[in-house]
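Subject: Structure handover

Hello,

Here is the structure I said I would pass on. My notes on what was found in it follow below.

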Amino acid sequence: MPKKASPAKDFVAGGIGGVCCVVAGHPLDTIKVRLQTMPKPVAGQKPLYSGTFDCARQTVVHEGVRGLYKGMSAPLAAVAPMFAICFFGYGVGRRLQQTHPEEELTYAGVFKAGMLAGVFTTVILAPGERIKCLLQIQQAAEVKDRKYSGMVDCARQLYREGGVRSVYRGSAATLLRDVPASGMYFMSYEWLQHVLRPAGQSQEELSISRTLFAGGMAGVFNWTVAIPPDVLKSRLQTAPQGKYPNGIRDVARELLREDGILALYRGVTPIMLRAFPASAATFVGYELTIKLLHWLLPGL
């Protein structure tokens with residue numbers, strides 16, 4: 001990752017990287033949310049989905065391929081500014097710790113800069129995640145049976161039902177997920193760039209294939225940390241109003257009591273299948289955009 005990128009370039013390149021991330025990863029994100037939020041089966045009945053591929057099959061059979069892209073308008077609308085702010089926040093975190101622009105941070109310093117990026121993004125990400133999850137779990141084949149007609153209608157209904165607090169339900173859970181996960185995300189990417197860099201070359205000269213691998217594995221490391229709080233967040237954000245008066249603590253208590261600790265890793269297969277290509281696309285989009293901006297605007 002370029003060390004001299006300006007805040008403006010970080011912002012623009014991060015936004016482009018985010019769009020690449022959503023396009024590459026949304027179908028598996030839909031499957032993840034449906035697995036995480038499916039109801040507990042009644043005794044003697046089979047679960048709604050037997051696993052990742054069964055969920056994908058049922059979704060395509062009943063809703064077509066477009067069903068895998070349900071709710072994409074919400075993250076796509078939020079993702080450009082969200083990733084822009086994420087990479088901007090990461091750049092700010094780096095610069096706050098550097099005594100001069102050329103200074104290399106320790107991996108601990110990179111982790112702290114990544115954590116700051118997670119704080120920056122929650123304000124935008126939390127309501128987008130809430131809307132996305134609600135749209136993704138709508139499985140009625142008939143339009144007339146759906147509660148929400150789309151992103152704007154979902155936001156409107158949430159605000160009417162509970163005001164801004166309803167729209168932002170799950171913000172603390174999002175923060176709990178994204179602060180440590182973002183630290184791991186950027187730290188692992190920087191570490192892998194260093195490991196994969198050929199002798200005598202700078203990180204900016206890393207090939208596309210090596211950038212893809214480093215970016216993809218950063219996504220895997222990120223989600224290794226993020227899965228348990230993400231499960232809790234998804235259940236909280238899709239629950240009926242008032243079901244969990246104490247927020248994520250009530251969700252965790254109920255989930256562990258009824259399903260055990262392994263329930264915190266529900267949806268791990270689609271998460272990991274999605275993590276590599278989505279994150280690889282993000283970092284390649286970011287790196288290529290940064291190089292283009294350096295060429296177009298060398299003085300910025």
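In which helix does arginine 34 lie? Arginine 34 is part of helix H1, which covers residues 7–37. Please keep in mind that the model is predicted. The relative accessibility of arginine 34 is 1%, so this residue counts as buried. Its side chain has a polar atom 3.2 Å from the backbone oxygen of glutamine 138.

Overall fold

The protein has nine helices and zero strands, and along the sequence the pattern reads α-α-α-α-α-α-α-α-α. For 300 residues, a compact globule would have a radius of gyration near 19 Å, and the 20 Å of this protein agrees with that. Along the principal axes, the C-alpha atoms fill a box of roughly 65 × 35 × 35 Å. Of the 300 residues, 52% are buried. The accessible surface comes to about 14100 Å², and carbon and sulfur atoms account for 66% of that area.

Aromatic pairs

How many aromatic pairs does a search of the whole structure find? The search finds eleven. One of them is the pair of phenylalanine 87 and tyrosine 286, which is stacked, with 4.4 Å centre to centre and 20 degrees between the planes. This pair links distant parts of the chain: phenylalanine 87 sits in helix H3 (residues 73–97) and tyrosine 286 in helix H9 (residues 268–296), 199 residues apart. Both phenylalanine 87 and tyrosine 286 are buried. They also belong to a cluster linked by ring pairs, made up of Phe83, Phe87, Tyr90, Tyr185, Phe186, Tyr189, Phe283 and Tyr286.

Cysteines

A search of the whole structure for disulfides finds zero. For cysteine 55, which is in no disulfide, the nearest cysteine sulfur is that of cysteine 133, 13 Å away. Cysteine 133 is in no disulfide either, and the nearest cysteine sulfur to it, that of cysteine 154, is 10 Å away. Is cysteine 55 buried or exposed? Cysteine 55 is buried, with a relative accessible area of 0%. Cysteine 133 has 0% relative accessibility and therefore counts as buried.

Regards

Conventions. Residues numbered from 1 in each chain as written. Predicted model: local features only at pLDDT ≥ 70, side-chain atom pairs only at ≥ 80, totals over all residues. Heavy atoms only, no water. Disulfide = S-S within 2.5 Å. Buried < 20%, exposed > 50% of the residue type's maximum accessible area, 1.4 Å probe, protein only. Helix = DSSP H or I, 4+ residues; strand = E, 2+ residues; numbered from the N terminus. Polar contact = N/O pair within 3.5 Å; in protein donor to acceptor, adjacent residues only side chain to side chain. Phe/Tyr/Trp six-rings, centres within 6.5 Å; stacked < 30°, edge-to-face > 60°. Rg over C-alpha atoms; globule rule 2.2 N^0.38 Å. Areas by Shrake-Rupley, 256 points an atom, 1.4 Å probe, with all protein chains shown as cover.
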